[in-house]
Amino acid sequence: MELHIVIEGTKDLSGQLYRQLSDSIRSGRLADGQQLPPTRLLAEQLGLSRKTVSDVYTRLTQERLVLGQVGKGSFVSAPVEARPRRQIAGKLASAAIVAKWDAMHAPLRNPFPEGRSRHEFIGGCITPGLFPIDEWRRCVLHGLRQDAKGGGMYHQAEGVAELRAAIAHHAAYARGVVCTAHNVVVTNGAQQALDLLGRVLLEPGCVVAVEEPGYPAARMLFASQGAQMVGIGVDAEGMLVDQIPQGTRLIYTTPAHQFPLGMPMSVARREALLARALEIGAIIIEDDYDSEFRYEGRPTDSLQSMDRHGVVAFVGTFSKVMLPELRLGYAVLPEAVLNAALTVKHLNDWHTATASQHALAKFISDGYLSRHIRRCSEIYATRRERLHALFAGPLSPWFELVPASAGFHVAALCKKPLDLDLLRRLARRADVGLYPLSNFYAFTPPKAGLFLGYGGIETLDIDTALLRVRDILQQME
């Protein structure tokens, strides 16, 4: 890659080169520590003598704008005040829209605004050390080899055929989803699946029903697409279907493990929800974000498996069972919206990275995924037992857990009035990260309680952390 320098004419060649390099360093266009081309190479590129370039480098070195390292080369030594120039636009015609995005509060965008604590109960995080990195490396190398056979061509928006078939098998086996590879669309995480469905189904003013409390990123996404959001309450059986208003076009729900409270939706409520969606012509998004981890009772079938009329879009992710950094998810779509979603996916990003898709296909088909889920389930079950024991014992005067049989988070409701903000701040000083349930309410007064994720905290740390919380609560009384 050539360094962008323009030499005009045949006069003052050294001065032209010096001024352009000096200005680039002082303005921040050339970053501190960036390596400059060797004098011979730059001279060849610019049609200058090597001595001219060497003299300029020497002058810049004397001015401490360039640092020479013997045997390595010449490197930019930018002054502290050097910063990239900010281009400040005049009055934008779209200023109001930009301001809307600027003002939008995205609580999950920065999960640790106050810094990460030693003992974190944040939701959605996993323990990276549990991931079988050696097996995944072999799968990634396989994916790269498969890509090398691809002829440098773009692929289909729906995803690599082998991965779609593997996902269809996995979803059918683990969640009872009724589908073939034809209905599977590979996405960049579950969030892109939600975005695709919103783009297909919504226009400004459309009504979207979401659970209250619920997943903030889904609610905010649909709202950003111009939808009118309606919060639907939940009880011990899940979403209160009779609150879904006439004219609702999209219903977002987490029936296997309600987010964030954790209870599953009852069979009767699922049947009622399907009937209501069919009655008003709505599509249901079933977000099955972490139900692979189940600890007690008979596994409930997916809502999609009960659908006889093609109104349920099943959305899954591998962020919770593998690594969030992979950004791999999927949607199992009904025929009514499948082709439209593929058009949107094609226009949005064409397709998800194929090397990762080939790697994941092998990871699933070779049995690595199922073994990894079994291992994590055993570990998460132990952590869950510790949480239950502590909330049934030392923390029982203050909190009560909401029953949940799946996932890797629980909700703890307050038994008595507590200053949860004070508790959170004091816990942070004790190196314990706590998160209130209020983060997940948008339409009604929140229930007082805590949201406790246990995927990212080591089992042996749970007792230490929660006993510190107990001591804080005792001091607060």
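A residue counts as buried under 20% relative accessible area, as exposed over 50%, and as partly exposed in between. By that scale Asp431, with a relative accessible area of 31%, is partly exposed. The model described here is predicted.

**Backbone exceptions**

Asp431 lies in the loop between helix H13 (420-429) and strand E14 (432-433), and its phi is positive, at about 70°, although the residue is not a glycine. Arg64 is another residue other than glycine with a positive phi, near 65°. Arg64 is placed in the loop between H3 and strand E1 (66-69); its relative accessibility is 69%, so Arg64 counts as exposed. Most residues other than glycine have a negative phi, and most peptide bonds are trans.

The bond from Glu212 to Pro213 is cis, with omega near 5°, and Pro213 sits in the loop between strand E5 (207-212) and helix H8 (216-224). The bond from Phe259 to Pro260 is likewise cis, with omega near 10°. Pro260 belongs to the loop between strand E8 (248-253) and helix H9 (267-280).

**Helix H2**

Helix H2 (residues 39-46) has the buried residues Thr39, Leu42, Ala43 and Leu46. These four cover an arc of only 100° around the axis, and therefore lie on the same side of H2. Their packing partners are helix H1 (13-27) and helix H3 (50-62). Arg40 and Glu44 are exposed, on the face of H2 turned away from its buried side. Just after H2 comes Gly47, with a positive phi of about 75°.

**Nonpolar cores**

The largest nonpolar core has 62 residues, of which Phe318 and Phe399 touch the most other members. Helix H12 (residues 368-392) supplies the largest share of this core, nine residues. At least three residues of the core come from each of domain 2 (119-127 + 371-476) and domain 3 (130-366). Leaving aside residues up to four places away in sequence, Phe318 touches Ile167, His170, Leu323, Leu328, Gly329, Tyr330, Leu360, Ile364 and Leu369. Another core, of 27 residues, lies apart from the largest one; among its members are Val185, Ile285, Val315 and Ala331.

**Aromatic contacts**

The whole structure holds 18 aromatic pairs. One of them joins Phe293 and Phe408 in an edge-to-face arrangement. This pair links distant parts of the chain, 115 residues apart: Phe293 is in the loop between strand E9 (283-287) and strand E10 (312-317), and Phe408 is in the loop between strand E12 (399-401) and strand E13 (409-414). Phe293 is buried, at a relative accessible area of 1%, and Phe408 is buried at 3% relative accessibility. A further pair, Phe363 with Tyr368, is tilted because its planes stand at 45°. Phe363 counts as buried at 0% relative accessibility, and Tyr368 is buried with a relative accessible area of 16%. The geometry of both pairs is set out below.

| Ring pair | Centre to centre | Between the planes | Arrangement |
|---|---|---|---|
| Phe293 and Phe408 | 5.6 Å | 85° | edge-to-face |
| Phe363 and Tyr368 | 5.7 Å | 45° | tilted |

Ring pairs also link Tyr215, Phe259, Tyr289, Phe440 and Phe451 into a cluster.

Conventions
Residues are numbered from 1 along each chain as its sequence is written. This is a predicted model: local features need pLDDT of at least 70, side-chain atom pairs count only at pLDDT 80 or more; totals for chains, interfaces and linings use all residues. Side-chain values use heavy atoms; hydrogens and water are left out. A nonpolar core is a set of buried Ala, Val, Leu, Ile, Met, Phe, Trp, Tyr and Cys residues joined through side-chain atoms within 4.5 Å. Buried means under 20% relative accessible area, exposed over 50%, partly exposed in between (1.4 Å probe, protein chains only). Helices (H or I, at least four residues) and strands (E, at least two) are DSSP runs, numbered from the N terminus. Domain bounds come from an automatic or database domain assignment. Contact means heavy atoms within 4.5 Å. The arc is that of the directions from the helix axis to the C-beta atoms. Rings of Phe, Tyr and Trp (its six-membered ring) pair if their centres lie within 6.5 Å; planes under 30 degrees apart count as stacked, over 60 as edge-to-face and the rest as tilted.
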